[in-house]
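I opened my notebook to record what I looked up in this structure, one topic at a time.

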Amino acid sequence: RVMSAPVLVLNQNSKRESGRKVQLGNVAAAKTIADVIRTCLGPRSMLKMLMDPMGGIVMTNDGNAILREITVQHPAAKSMIEISRTQDEEVGDGTTSVIILAGEMMTAAEQFLEQNMHPTVIIGAYRKALDDMQEILGEMSVEVDVNKKSEMRKIVKSAIGTKFINKWADLACDMAIKAVSTVVLENASTGRREIDIKRYAKVEKVPGGILEDSEVLDGVMINKDVTHPAMKRKIENPRILLLDCSLEYQKGESQTDMELSNETDFEKILQMEEEYIKKVTRDIIAFKPDLVFTEKGISDLAQYYLSKANITAIRRLRKSDNNRIARACGATVCSRTEEIREEDIGTEAGLFEVRKFGEEYFTFITKCKNPKACTILLRGASKDVLMEVERNLQDAMQVTRNVMINPQLLPGGGAVEMAVAQKMKALSKSMMGVEQWPYRAVADALEIIPRTLIQNCGASTIRTITALRAKHADAGNETWGVNGESGQIADMNVLDVWEPLSVKLQTYKTAMETAMLLLRIDDIVSGTKK
């Protein structure tokens with residue numbers, strides 16, 4: 001028999017790992033990422049300080065913000081980072097817990113892989129566990145009254161209790177609740193609530209002043225000044241006109257050349273330009289607005305005509321700002337001056353003024369009657385502080401939004417995890433076959449949340465977890481969890497630490513599904529270019 005030459009299927013320089021080695025490697029990667037984030041859970045959490053290649057500094061304990069800045073090589077670690085991003089986009093909170101849970105679920109699977117249990121079996125058990133978890137959460141949740149300010153404040157407070165701003169918790173809660181309730185749009189036809197925080201609750205950070213100066217404006221603020229010094233800087237009950245066309249002479253769309261034969265022609269052209277601007281401004285002045293905003297430029301001549309008619313003009317707005325002003329004062333953005341109608345003009349703002357903070361001028365449009373958009377003005381000592389406060393506020397607003405859309409609550413502080421774990425352990429006793437072991441492992445893995453909370457306050461972990469387990473073993477103690485400040489066990493009803501159901505569900509789903517996904521991998525081929 002002639003020995004055949006070896007067949008080369010894979011590229012020469014591609015690495016291939018397969019089987020057990022990959023699975024354990026993925027577990028290790030997931031563990032590592034979880035360990036980075038672990039100290040960021042709970043009110044006693046630590047901040048991480050990251051430096052990006054540009055030399056910018058980020059200080060935060062928001063799981064997602066940290067992972068966004070870290071660059072990792074391992075593919076499994078990359079998917080871990082993705083999940084905190086998903087969590088942030090879907091519900092905006094729980095970015096830290098989701099990583100810790102996913103990491104712990106992977107770790108739980110490790111022993112079974114080492115005992116040569118097939119990943120499919122483990123995944124089957126995990127899937128069953130996930131279904132049961134969601135069911136138990138649904139049973140445990142409590143309805144909440146969204147219109148009660150005190151109720152809402154409790155929830156938001158527990159969401160930001162773990163963050164940098166918890167020192168100013170009351171201020172922050174009120175700001176978040178006010179901002180979110182401002183931008184709620186009740187869709188009359190479908191009855192759904194549409195809450196678009198990203199677009200209509202803008203956070204403007206102005207360094208200087210103290211954090212206590214921060215506020216939610218009943219209107220909008222933009223970092224702009226008036227275009228012409230003679231224009232008014234303060235107008236009460238202004239009539240506001242929003243444009244997205246430029247008040248300059250239109251240059252040709254494509255490249256145009258003009259050839260002039262006599263010098264009088266040149267004057268004609270200038271005259272035409274002037275006529276055009278006159279016409280445009282005449283269209284505007286006919287409606288007697290006090291304020292004109294446009295997304296494009298305003299030529300000097302147009303400024304002159306407008307200021308002569310006592311109209312304040314502000315140019316080169318961002319489109320998003322323009323939309324925000326439109327929602328705040330009830331105006332419609334017009335794209336051509338010929339087509340302005342009376343109802344396009346916004347009359348619901350109570351005050352326009354330009355104020356100066358530090359070196360910059362800011363335009364305020366406030367005292368709106370029924371603003372559907374608002375600006376949150378943050379003041380603080382330095383840029384880093386402001387960045388962190390903004391991230392925290394975003395979380396607070398997301399939580400408020402979640403509760404408004406789905407007003408179901410669960411106890412926080414690891415109480416849920418303990419209760420779910422207890423119930424799942426009871427369920428696993430009635431299961432047959434090998435699946436019950438991974439199923440139980442999931443239940444045990446859930447305890448990582450209370451355990452981490454205890455570790456972060458430096459209390460004795462084993463003693464406290466045992467006490468908590470014992471508490472949950474008796475019926476009716478489902479709301480007992482860890483007091484994140486002191487590391488003692490406490491009743492969450494008394495402590496008032498709550499979490500929205502939607503956040504918890506998303507956390508569990510994302511964590512479990514990621515673990516299942518990563519356990520499914522048994523081969524990594526990395527083709528490297530020379």
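I am working with a predicted model, in which local features need pLDDT of at least 70 and side-chain atom pairs count only at pLDDT 80 or more, while totals for chains, interfaces and linings use all residues. Residues are numbered from 1 along each chain as its sequence is written, and side-chain values use heavy atoms, with hydrogens and water left out.

**Whole chain.** I found 18 helices and 22 strands in the chain, taken as DSSP runs (helices: H or I, at least four residues; strands: E, at least two) numbered from the N terminus. Of the 530 residues, 51% are buried, where buried means under 20% relative accessible area, exposed over 50%, and partly exposed in between, with a 1.4 Å probe and protein chains only.

**Helix α12.** In α12, 17 of the 23 residues are buried.

**Surface patches.** I noted that a patch takes residues with over 30% relative accessible area and no salt bridge, joining like charges within 9 Å and nonpolar side chains (Val, Leu, Ile, Met, Phe, Trp, Tyr) within 5 Å; a salt bridge is a side-chain nitrogen of Lys or Arg within 4 Å of a carboxyl oxygen of Asp or Glu. Glu212, Asp213, Glu215 and Asp218 form a negatively charged patch, and Asp218 is partly exposed because its relative accessibility is 33%. Met258, Leu260, Phe266 and Leu270 make a nonpolar patch of about 420 Å², and Met258 counts as exposed because its relative accessible area is 63%.

Notes
Areas by Shrake-Rupley, 256 points an atom, 1.4 Å probe, with all protein chains shown as cover. Lys, Arg positive; Asp, Glu negative; His and termini not counted. Charge placed at Lys NZ, Arg CZ, Asp CG, Glu CD.
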